[in-house]
Amino acid sequence: MRSVLKLEIEEAKVMIAAGIQAAEEAQAAETICIVDEGGYLLALERMNGARNTSPELAMAKAFTASGHRRSTHLFNQPGGPATIHGEAFGIHAMMPGKFAIFVGGFPIVVNGQVIGGVGVSGGAGEEDIAVGVATLKALQQHLGDQFEVLTDADIKK
């Protein structure tokens with residue numbers, strides 16, 4: 001048996017605030033979504049001017065990252081599992097509308113445990129990545145040195 005860490009609304013709010021700040025600095029209108037370890041919504045904020053499709057995309061990215069324990073852009077990199085010869089080719093078709101295999105989703109990994117996911121949608125790919133990484137760094141700062149949060153863009157757990 002092991003102890004389990006649980007992401008709560010207080011942490012999600014810290015992450016959303018940091019994501020909005022990073023998006024504003026990049027002049028990108030983003031939607032930022034935080035889900036728990038099961039992929040269920042904890043918090044979502046759509047910035048003024050964000051596309052009307054970005055909430056659904058952000059939720060799908062967060063769900064995918066949490067459930068599959070990897071950054072969503074890793075699915076389509078050369079040799080990635082969702083590419084034409086990869087072991088997960090077509091995986092996004094198994095869960096239509098819930099599974100995203102493009103830039104902007106990151107698992108939230110604390111002390112080696114995937115405790116949720118973050119999804120960012122609305123900017124260019126580089127902007128979505130920068131905003132997602134900012135949310136993870138904010139969580140690390142909020143939790144302090146007694147916890148280790150993975151804050152790289154390329155997370156595969």
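A residue is called buried under 20% relative accessible area, exposed over 50%, and partly exposed in between, as computed with a 1.4 Å probe on protein chains only. The structure is a predicted model, in which local features need pLDDT of at least 70 and side-chain atom pairs count only at pLDDT 80 or more, while totals for chains, interfaces and linings use all residues. Residues are numbered from 1 along each chain as its sequence is written, and side-chain values use heavy atoms, with hydrogens and water left out.

Helices (H or I, at least four residues) and strands (E, at least two) are DSSP runs numbered from the N terminus. Two strands are taken to pair if DSSP finds at least two bridges between them. On this basis, 4 strands form an open sheet with antiparallel pairing, in the order E2-E1-E4-E3. E2 and E3 are the edge strands, each pairing on one side only. From one strand to the next, the twist averages 15°; for this and the angles below, axes are lines fitted to C-alpha atoms, for helices over the stretch in contact, and angles run from 0 to 180 degrees between N-to-C directions.

Strand E1 (residues 31-36) and strand E2 (residues 41-46) run antiparallel and are joined by 5 bridges. Thr31 stands opposite Arg46 of E2. The hairpin formed by E1 and E2 has 4 residues between the strands, and Gly39 takes a positive phi near 85° there. The antiparallel pairing of E3 with E4 extends over 6 bridges, and Phe106 has Val118 in E4 as its bridge partner.

Contact here means heavy atoms within 4.5 Å. Helix H2 (residues 54-68) lies across E1, E2, E3 and E4 and runs at about 155° to E4. H4 lies across E1, E3 and E4, and runs at about 15° to E3. The 18 residues of H1 should span 26 Å at 1.5 Å a residue, and the end C-alpha atoms of H1 are 25 Å apart, which agrees; the expected span is 1.5 Å times one less than the number of residues. Buried positions in H1 include Glu11, Ala12, Met15, Ile16 and Ala18. The elements that cover the buried residues of H1 include E1, E2, E3 and H4. Just after H1, Gln27 takes a positive phi of about 55°.

In soluble globular proteins, nonpolar side chains tend to be buried together. A nonpolar core is defined as a set of buried Ala, Val, Leu, Ile, Met, Phe, Trp, Tyr and Cys residues joined through side-chain atoms within 4.5 Å. The largest such core has 26 residues, and those with the most contacts inside it are Ile34, Ile108, Val110, Val118, Leu136 and Leu139. Two or more residues of this core come from each of helix H1 (9-26), E1, strand E3 (105-110), strand E4 (113-121) and helix H4 (125-143). H1 gives the most, with 6 residues. Another core, of 5 residues, lies apart from it and includes Phe75, Ala88, Ile91 and Phe99.

Leu139 is placed in helix H4 and counts as buried because its relative accessibility is 1%. Leu139 touches Glu11, Met15, Ile108, Val110 and Val149. The C-alpha atoms of Leu139 and Leu150, 11 residues apart along the chain, are separated by 9.7 Å. Thr135, also in helix H4, is buried, with a relative accessible area of 0%. Thr135 touches Met15, Ala18, Gly19, Ile32 and Val118.

The whole structure holds 2 salt bridges, where a salt bridge is a side-chain nitrogen of Lys or Arg within 4 Å of a carboxyl oxygen of Asp or Glu. One joins the side chains of Glu37 and Lys6, at 2.9 Å from N to O. Glu37 lies in the loop between E1 and E2 and Lys6 in the segment before H1, 31 residues apart, so the pair links distant parts of the chain. Glu37 counts as partly exposed at 37% relative accessibility, and Lys6 is partly exposed at 49%. In the other bridge, between Asp128 and Lys61, the closest N and O atoms are 3.4 Å apart. This pair also links distant parts of the chain, with Asp128 in helix H4 and Lys61 in helix H2, 67 residues apart. Asp128 counts as buried because its relative accessibility is 4%, and Lys61 is buried, with a relative accessible area of 2%.

How values were computed: Lists of a residue's contacts leave out its neighbours within four places in sequence.
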